[in-house]
Amino acid sequence: MIITLLTDFGLSDPYAGVMKGVILGICPEARLVDISHDITPQNIEMAAFILEKSVPYFPTDTIHCVVVDPGVGTSRKVLIARVKGHLFVAPDNGVLKRIINTAQAHEVFHADRAEFFLKKISATFHGRDIFAPLAAHLANGVKPEQIGEPLDQYVRGEIREPELQKGRITGEIIYFDRFGNAVTNISRTMLKGLGNIRIDIRHHTIQGLVSAYSQVKPGEPLAIIGSFENLEIAVREGSAREQIPLKYGDKITVLF
Amino acid sequence: MIITLLTDFGLSDPYAGVMKGVILGICPEARLVDISHDITPQNIEMAAFILEKSVPYFPTDTIHCVVVDPGVGTSRKVLIARVKGHLFVAPDNGVLKRIINTAQAHEVFHADRAEFFLKKISATFHGRDIFAPLAAHLANGVKPEQIGEPLDQYVRGEIREPELQKGRITGEIIYFDRFGNAVTNISRTMLKGLGNIRIDIRHHTIQGLVSAYSQVKPGEPLAIIGSFENLEIAVREGSAREQIPLKYGDKITVLF
Amino acid sequence: MIITLLTDFGLSDPYAGVMKGVILGICPEARLVDISHDITPQNIEMAAFILEKSVPYFPTDTIHCVVVDPGVGTSRKVLIARVKGHLFVAPDNGVLKRIINTAQAHEVFHADRAEFFLKKISATFHGRDIFAPLAAHLANGVKPEQIGEPLDQYVRGEIREPELQKGRITGEIIYFDRFGNAVTNISRTMLKGLGNIRIDIRHHTIQGLVSAYSQVKPGEPLAIIGSFENLEIAVREGSAREQIPLKYGDKITVLF
């Protein structure tokens, strides 16, 4: 059984490693995969996006343990969700909103049976004390129904979608990757069948999409449908983030 | 069999990956878990602390391979220790001192039988050539007794404990995590039953402990028993390290 | 079956994690080992060097998935190579040149049968869509011969070897590790039997090799045969890269 980890703990501290120790103590056969531990601390939006884009590449029955948890130590609930054949363990803070919103069906449970947690619960590290043990018990075959009651009221959060106007889509930058590529919230689907498009971002105008970085000269900006299936702004052999430059939330306009 | 790795090698270089190749070549079934590879280079104190705080969350019989080894290439010994049902492979430089000092019983061996090392030993990378193969052979069921003789003389090192005076405990900051939380060497046990306390750190005074970050306003400093079971200084939704600011070794006083 | 990953994707983005999801979906028993994900973006030379130096420490039959791929989205080929009992999946851009050049025998295949790729191929992330599935199918026992035809014409690239003159070897710095140690392209073999040597680098002269860092005083530069079996310049308890200082491509002269 695969358990993925998606947290804002980083890899320098022993936090992720200790979660793995807890999991393997409960479910020795678990296969552990790190999706990322470098979510910007407490950035629920970023974690929700990365989760949505990563889950489809894992096999059915994977258990995803998501710990971006600014409310640790408060009375925020712990959720288990069953969506598209995958299981999710996460705090009730909206981090699952994209997974849930894009699904036809989903079941959400309030995971509150303490016999599935570690015996001692710290004030600051529920990743170790609650989320890791829950994921491990699920991997052992415990059903969400055994861990808590179905829940109707949970944080659904909003997803900021691009604005559609006549001849124009206005989106924004929601993620930068290591290469400095700027990922927008404009999906491939939204651009389908639009014909010739022009993209305005900061003081730059980009004509049309390319299908490979190599279609522009080194150092030039380009627009491409990236691997997240969203419109991305990149600079060939460079960083769009640094060279244009761009930042989180920057507006991008597609004219057609 | 689980083998954990705790090193100062970082993850950019292939050093940790190559250790895993060596381990899986000797013990193909080993389950590998990274505790951290980001110990500050050659910082034995930090590694000793992280090891002490991580080990209790791994199941009995786990093998911990610790490579923070400024004396690589010299005649410093290689140790195998059996403590609390776990096995440890580490250089003889004090990195095991906290694990050994907090245990009722421990056995230490001088691992010097070269048939359990790689054939060729480099001058600079005993993690690959000695420590990884030893951990793998232990995972295969080889006993420490087969790898070397029991050892009485090894580097025990000192552990700097807080000073206790009338109405006052003086400790220091021994670790910062990714969030900028400052971990002190004052344990939960030392604070037990003290009643109202006041904490002085740099120019700040903090009244009492909180049980969740959310009990103070964003941007405010707080004191909490963190997940290491030690007193920590944090700033809600911020970094105590940068905002107070604090550094390694800073004194902290608890008045009661 | 072990599959290693060597990429320039970093660990902050979900790219490496998603590749692992794809692999485990195809070959659930695969053992995954990260060699490094911190190759400098698109630095084929660095990846070729790290691969050459890491592979010998993995058991025979390991599958190495190498994704440093500036030509992603173009018509550059995808290669599978069988060298020294290991299998390699990589873009045809020279990243395998050192592995292939140091081998007596090698077989290279043009991996173009799309039934072994994901169904949908993005323009920018063939690591996920092509290289990961190929590695997983190989781990499942599919033969390279089933995935593509043998190939004679592929990018062989050059390897910059040191210059040998009377009484002098001139090499260069080709890698820095996390500790700031400078690895040169001068191998142990080239220095064999030279007797007394003197090493000139920038404004420094180093007399002879040491066999342990501790043979010089803290803060002093030294020359040593490092764990890559190449001549390295280091500073004891310091960083040669920052303190001398040194950079990629700096010339180093060995006089004998």
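Strand E9(A) and strand E15(A), residues 251–255, pair in the antiparallel sense. Five bridges join them. Keep in mind that this is a predicted model. One pair to look at is Ile169(A), whose bridge partner in E15(A) is Val254(A).

Strand E8(A) covers residues 163–165. Three bridges tie E8(A) to E9(A), and the two run antiparallel. They form a hairpin, with two residues between the strands. Look in the turn for Gly167(A): its phi is positive, about 70°.

Go to the other hairpin. Strand E10(A), residues 182–187, also pairs with E9(A) in the antiparallel sense, over three bridges. Here Phe176(A) stands opposite Ala182(A) of E10(A). Five residues lie between E9(A) and E10(A) in this hairpin. The turn holds Gly180(A), with a positive phi of about 85°.

So how enclosed is E9(A), residues 168–176? Eight of its nine residues are buried, so the strand is largely enclosed by the rest of the structure. Buried here means under 20% relative accessible area.

Next, the interface. Chain B puts 29 residues in contact with 35 residues of chain A. The buried area between the two chains is about 2,500 Å². Carbon and sulfur atoms give 57% of that.

Across the interface of chain B and chain A, the rule finds two salt bridges. For polar contacts, the count is 15 residue pairs between the chains, with both residues at pLDDT 80 or more.

Which elements of chain B give two or more residues to the side that touches chain A? There are strands E2(B), 31–36, E9(B), 168–176, and E13(B), 221–225, plus helix H2(B), 44–54. E2(B) gives the most, with five residues. By residue class, that side of chain B divides into 16 nonpolar, six polar and seven charged.

Key. Residues numbered from 1 in each chain as written. Chains lettered and ligands numbered in written order. Predicted model: local features only at pLDDT ≥ 70, side-chain atom pairs only at ≥ 80, totals over all residues. Heavy atoms only, no water. Buried < 20%, exposed > 50% of the residue type's maximum accessible area, 1.4 Å probe, protein only. Helix = DSSP H or I, 4+ residues; strand = E, 2+ residues; numbered from the N terminus. Pairing = 2+ DSSP bridges. Contact = heavy atoms within 4.5 Å. Buried area = accessible area lost by both parts, 1.4 Å probe. Salt bridge = Lys/Arg side-chain N within 4 Å of Asp/Glu carboxyl O. Polar contact = N/O pair within 3.5 Å; in protein donor to acceptor, adjacent residues only side chain to side chain. Nonpolar A, V, L, I, M, F, W, Y, C, P; charged D, E, K, R; others polar.
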